[in-house]
Amino acid sequence: MKTELAILGGGAAGLFAAVLAASSLQTTVLEANARVGKKLLTTGNGRCNLSNRGVAPEHYHSNSPEKDAKRVIRGVLDAFPRDYTDEVFASLGFLMKEDPEGRIYPRSEQAAAVLDALRLTAEAKGVQTLCDCTVESVRRTRDVFVIATPQGELTSRALLVTAGGMASSSHNAYDLMKALGHTITPRFPAICPVRTAPEAVRALKGQRVRAEVRLLADGEVRASTVGEVQFTESGLSGICVFELSRWVGEFRTRGTVMGKPCKSLELSLDFLPDMSEKETYALIARLYSMELAEELMLTGVLPKRIAAWVMKDAMSRREIAARLKGSRFSPTGLSPWNQAQVTAGGVSLAEINADGSSRRVPGLFFAGEVMDVDGDCGGYNLQWAWSSAAAAVNAVFGYLEKV
């Protein structure tokens with residue numbers, strides 16, 4: 001079987017690339033799962049958070065050398081910004097809506113509708129899709145790629161790898177790329193729950209509370225977010241925790257946070273983010289003056305079990321205030337891959353051009369999560385899928401015109 005462009009992976013980036021490429025090229029998508037777009041269905045809690053008003057390079061991170069990360073991320077986003085994505089989805093019949101935090105969704109708020117639009121448009125344009133198709137090996141012979149699968153060999157003039165991250169069933173793409181000469185940077189889960197010592201959260205399991213979560217590296221605040229924190233049997237969850245989880249992974253993998261070495265890392269929870277320390281202490285003094293029973297002291301301020309946890313064994317008003325404004329938890333790890341929304345790490349950007357083409361293998365291209373790029377929570381990762389897919393397809397056109 002022959003094709004002009006083989007796309008390894010039928011997720012968001014792969015389907016978007018197929019739609020863009022199929023008008024000009026014979027295109028084949030190879031997907032390891034039984035159906036394409038499985039992960040896309042879960043994005044935005046099923047509402048499909050397509051992008052974010054604030055898309056910019058500073059919302060993206062990498063384990064590759066800083067200069068290479070900046071070169072590729074900025075190059076992709078400059079060439080194919082959010083406006084381009086809006087135009088493509090508008091051409092597929094989608095109207096967009098934006099929430100107060102800048103997250104962008106299809107007006108229907110249905111991830112299934114986005115998947116159907118991409119899948120059916122690709123099909124209408126003649127894209128051949130092979131599901132339950134695990135790629136066993138890839139080799140380049142002369143001017144084509146030979147792709148071995150259980151269904152037989154496929155030859156292709158160009159190969160675009162969009163196989164996703166470690167949570168994908170096709171994560172053997174990393175091994176395939178290593179065999180072609182590419183380097184894979186350290187990988188760890190991101191946008192996911194953070195694990196702590198079980199005894200630190202056991203009494204709070206199942207509780208939810210609004211708090212400011214601060215990332216403390218050697219006691220210094222490196223980042224902070226505000227939102228609902230959820231306590232689980234093994235640690236901390238909630239979007240505000242997800243937003244800091246990437247740095248927990250970096251610390252445990254590389255001993256750095258935001259590229260700076262550090263020896264310790266903690267998450268500090270401020271249960272009264274709208275009050276200053278002075279105001280908090282005044283509140284406690286007022287509550288004490290009311291001569292309330294200890295078990296009632298903070299029940300009008302925090303959920304009952306969290307209030308009891310703060311008050312337990314507290315020796316002074318200042319200790320209570322300190323717990324309210326800065327209860328600290330030491331991360332022991334991250335959730336398993338199947339609970340992570342994205343993979344941090346991947347194919348090194350030092351070996352990829354700003355258009356997604358390989359610096360090692362002619363005719364090889366990359367897009368999406370398989371690259372060493374991970375975005376913040378809130379639509380940034382899907383925007384990377386769309387933009388990097390468009391950049392790669394454009395580069396494929398240029399490459400095939402020359403060979």
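Let me begin with solvent exposure: a residue counts as buried under 20% relative accessible area, as exposed over 50%, and as partly exposed in between, with a 1.4 Å probe and protein chains only. By that criterion D274 is exposed, at a relative accessible area of 62%.

Two remarks on provenance follow. The model is predicted, so local features need pLDDT of at least 70 and side-chain atom pairs count only at pLDDT 80 or more, whereas totals for chains, interfaces and linings use all residues. Residues are numbered from 1 along each chain as its sequence is written, and side-chain values use heavy atoms, with hydrogens and water left out.

I turn now to salt bridges. The term denotes a side-chain nitrogen of Lys or Arg within 4 Å of a carboxyl oxygen of Asp or Glu. Under this rule the count is 27 salt bridges.

D274 takes part in one of them, with R210, at 3.2 Å from N to O. D274 sits in the loop between β18 (265-270) and α8 (277-289), while R210 belongs to strand β13 (residues 208-217), so the contact ties together parts that are 64 residues apart in sequence. Helices (H or I, at least four residues) and strands (E, at least two) are DSSP runs, numbered from the N terminus. R210 itself is partly exposed, at 45% relative accessibility.

Next, consider E153 and R139, whose side chains form a salt bridge at 3.6 Å, N to O. E153 is in strand β10 (residues 152-161) and R139 in strand β8 (residues 137-141), 14 residues apart. E153 is partly exposed at 44% relative accessibility, and R139 is partly exposed as well, with a relative accessible area of 40%.

What is the setting of the salt bridge between K325 and D270? Its closest N and O atoms are 2.8 Å apart. K325 is buried, at 10% relative accessibility, and D270 is buried with a relative accessible area of 1%. Both residues also belong to a network of salt bridges that links them with E212 and R214.

The aromatic residues are my next topic. Rings of Phe, Tyr and Trp (its six-membered ring) pair if their centres lie within 6.5 Å; planes under 30 degrees apart count as stacked, over 60 as edge-to-face and the rest as tilted. A search of the whole structure gives 11 aromatic pairs.

For Y60 and Y380, the ring centres are 6.2 Å apart and the planes stand at 90°, so this pair is edge-to-face. Y60 is in strand β4 (residues 60-61) and Y380 in helix α11 (residues 380-402), so the pair joins parts that are 320 residues apart in sequence. Y60 and Y380 are both buried.

F89 and W386 likewise form an edge-to-face pair, at 5.1 Å centre to centre and 70° between the planes. Here F89 comes from helix α3 (residues 82-91) and W386 from helix α11, 297 residues apart. F89 and W386 are buried. Ring pairs also join F89 and W386 with F16 and F94 in a cluster.

Finally, charges over rings: the condition is that NZ of Lys or CZ of Arg is within 6 Å of the ring centre and within 35 degrees of the ring normal. R47 lies over the face of Y105, 4.0 Å from the ring centre. R318 is placed over the face of Y281, at 4.6 Å from the ring centre.
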